[in-house]
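Hi everyone, thanks for coming. I'll walk you through one model today, so please have a look at the picture while I talk.

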Amino acid sequence: QVQLVESGGGSVQTGGSLRLSCAASGYTFNGFDLAWFRQAPGKEREAAARISTNTAGAFYADSVKGRFTISRDNAQRTVYLQMNSLKPDDTAVYYCAAGYPPTWGRLRDYNYWGQGTQVTVSS
């Protein structure tokens, strides 16, 4: 099976930056679609960013476009989320997720999940 381990969360001030990493194990990693979800207290989990295998591109929620960048390094079996110009509304637990193609950014599309990492942005 696939295991996902996240790191890079923390606390920053408004306008700051963080880079999240998710290291994966598993034979089928290169064939997975990958995503970063986030969940704030009292809100539903939503897809902030997702990326396909080495075929298509990356997709972002409107709320993070222009500020977040998702990337993957299949050789390192790692997916990243670079977060710039952070806002208090970005405060959430962030989860990486992997699913078998095709995926559409729905929770049920993803078979494997990381443990989550807290991101806190103070005003």
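This is a predicted model: local features need pLDDT of at least 70, side-chain atom pairs count only at pLDDT 80 or more; totals for chains, interfaces and linings use all residues.

Let's start with tyrosine 100, which is found in the loop between S9 and S10. A word on those labels: helices (H or I, at least four residues) and strands (E, at least two) are DSSP runs, numbered from the N terminus.

Residues are numbered from 1 along each chain as its sequence is written, and side-chain values use heavy atoms, with hydrogens and water left out.

Back to our tyrosine. What is tyrosine 100 in contact with, leaving aside its neighbours within four places in sequence? The partners are Phe32, Asp109, Asn111 and Tyr112, and contact here means heavy atoms within 4.5 Å. For a sense of scale, tyrosine 100 and valine 12 are 88 residues apart in sequence and 34 Å apart in space, going C-alpha to C-alpha.

Now for the rings. Rings of Phe, Tyr and Trp (for Trp, its six-membered ring) pair if their centres lie within 6.5 Å; planes under 30 degrees apart count as stacked, over 60 as edge-to-face, and the rest as tilted. By this rule the count comes to five aromatic pairs. One of them is phenylalanine 32 with tyrosine 100, a tilted pair at 4.8 Å centre to centre with 50° between the planes. That pair links distant parts of the chain, 68 residues apart: phenylalanine 32 is in the loop between S3 and strand S4 (33-39), and tyrosine 100 is in the loop between strand S9 (92-99) and strand S10 (112-113).

Are these two buried or exposed? By definition, buried means under 20% relative accessible area, exposed means over 50%, and partly exposed is in between (1.4 Å probe, protein chains only). Phenylalanine 32 counts as buried because its relative accessibility is 0%, whereas tyrosine 100, at 43%, is partly exposed.

Another of the pairs is phenylalanine 37 with tryptophan 113, also described as tilted: 5.0 Å centre to centre, 55° between the planes. Phenylalanine 37 lies in strand S4 and tryptophan 113 in strand S10, so this pair ties together parts that are 76 residues apart in sequence. Phenylalanine 37 is buried at 0%, and tryptophan 113 is partly exposed at 28%. One last thing on rings: Phe32, Tyr100 and Tyr112 form one aromatic cluster.

We say a charge sits over a ring if NZ of Lys or CZ of Arg is within 6 Å of the ring centre and within 35 degrees of the ring normal. Arginine 50 lies over the face of phenylalanine 59, at 4.5 Å from the ring centre. The charged end of arginine 72 sits over the ring of phenylalanine 29, 5.5 Å from its centre.

Okay, on to the sheet. In what order do the four strands of the open sheet come? The order is S1-S3-S8-S7, and the pairing is antiparallel; two strands pair if DSSP finds at least two bridges between them. Strand S1 (3-7) and strand S7 (68-73) stand at the edges with a single partner strand each, so one side of each is left without a neighbour in the sheet. S1 and strand S3 (residues 18-25) pair over five bridges, and glutamine 3 has serine 25 in S3 as its bridge partner.

What about the inside? A nonpolar core is a set of buried Ala, Val, Leu, Ile, Met, Phe, Trp, Tyr and Cys residues joined through side-chain atoms within 4.5 Å. The largest one has 29 residues, and those with the most contacts inside it are Leu4, Trp36, Leu81, Met83 and Tyr94. Take methionine 83: not counting residues up to four places away in sequence, its contacts include Leu18, Leu20, Phe68, Tyr94 and Val119.

A cis peptide bond joins proline 101 and proline 102, with omega at about -5°. Arginine 77, in the loop between S7 and S8, has a positive phi of about 55° although it is not a glycine. Serine 85, in the loop between S8 and S9, has a positive phi too, about 50°, and is not a glycine either.
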